[in-house]
Amino acid sequence: SMAADPEIGSAMRMAGDLMSGADDTVAQILAAPGDRQPFAESNALMMHMPAAHAAVEFALEIAEFASDKLDRPVGLLNAFTCNRAGLMFIAFGDSMEDLAESDATLEADPEYQDFYKRSEGLMVPGTLERGLWQLHG
């Protein structure tokens, strides 16, 4: 059997070690990210739970602003399982360059920069994490 093969057994143990920190999360879609494209970007962060309602409203404001500025949907998800303080913005693009241009457009906008200042007391500092993916299939 394949399980008895020492190489396959070693590979399975290694894969288990790599996946031991992975968590499945179910999320509620608060703002739809639009149609799937070949590339995706996520920006995940944690909100202060005592301010959860205000933090979600604030995040929806950011998603709406970014959607309008970029002329494409920027979605927002709220974790429903695992750490319920998690929020994630998701945007799709035709290429990595497309996503990088979108980031540059937002970062150069003074109104967008103001969101960072306004996030105090709503979002947990130091928790913003960016992810980039090439999607297949």
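Tutor: Contact means heavy atoms within 4.5 Å. This is a predicted model, in which local features need pLDDT of at least 70, side-chain atom pairs count only at pLDDT 80 or more, and totals for chains, interfaces and linings use all residues. Residues are numbered from 1 along each chain as its sequence is written, and side-chain values use heavy atoms, with hydrogens and water left out.

Student: What pattern does the protein chain follow, read along the sequence?

Tutor: The chain has four helices and five strands; helices (H or I, at least four residues) and strands (E, at least two) are DSSP runs, numbered from the N terminus. Read along the sequence, their pattern is α-β-β-α-β-β-α-α-β.

Student: What percentage of the 137 residues in the protein chain is buried?

Tutor: Buried means under 20% relative accessible area, exposed over 50%, and partly exposed in between (1.4 Å probe, protein chains only). Of the 137 residues, the buried share is 35%.

Student: How far apart are the end C-alpha atoms of α2?

Tutor: Helix α2 covers residues 52-70. The expected span of a helix is 1.5 Å times one less than its number of residues, so the 19 residues of α2 should span 27 Å. In agreement with that, the end C-alpha atoms are apart by 26 Å.

Student: Which elements are included in what covers the buried residues of α2?

Tutor: The buried residues of α2 include Ala55, Phe58, Ile62, Phe65 and Leu70. Among the elements covering the buried residues of α2 are β1 (27-31), β3, β4 (86-93), α3 and α4 (110-118).

Student: At what angle do α2 and α3 pack?

Tutor: Axes are lines fitted to C-alpha atoms, for helices over the stretch in contact, and angles run from 0 to 180 degrees between N-to-C directions. The axes of α2 and α3 (residues 96-107) are 10 Å apart. The angle between these helices is about 110 degrees.

Student: Which residues make the contact of α2 and α3?

Tutor: The residues of this contact divide into four nonpolar, two polar and one charged. Helix α2 supplies Phe65, Ala66, Lys69 and Leu70, while α3 supplies Ser102, Thr105 and Leu106.

Student: Is α2 roughly parallel or antiparallel to α4?

Tutor: The axes of α2 and α4 come within 11 Å and cross at roughly 165 degrees. Angles under 35 degrees count as roughly parallel, over 145 as roughly antiparallel, 65 to 115 as roughly perpendicular and the rest as oblique. The relation of α2 to α4 is therefore roughly antiparallel.

Student: Which residues of α4 meet α2?

Tutor: By class, this contact has five nonpolar, no polar and three charged residues. On the α2 side are Phe58, Glu61, Ile62 and Phe65. The residues they meet in α4 are Glu111, Tyr112, Phe115 and Arg118.

Student: How far apart in space are Tyr112 and Lys69?

Tutor: Tyr112, in helix α4, is buried at 15% relative accessible area. Leaving aside neighbours within four places in sequence, Tyr112 is in contact with Ile62, Phe65, Leu106 and Glu107. Tyr112 and Lys69 are 43 residues apart in sequence, but their C-alpha to C-alpha distance is 9.5 Å.

Student: What phi does Asp71 take?

Tutor: Asp71 lies in the loop between α2 and β3 and is exposed, at 72% relative accessibility. Although Asp71 is not a glycine, its phi is positive, at about 60 degrees.

Student: What is the relative accessible area of Asn78?

Tutor: Asn78 lies in strand β3 (residues 75-79). Not counting residues up to four places away in sequence, Asn78 touches residues including Val26, Leu30, Met47 and Leu87. Asn78 is buried, with a relative accessible area of 11%.

Conventions: Ala, Val, Leu, Ile, Met, Phe, Trp, Tyr, Cys and Pro count as nonpolar, Asp, Glu, Lys and Arg as charged, and the others, Gly among them, as polar.
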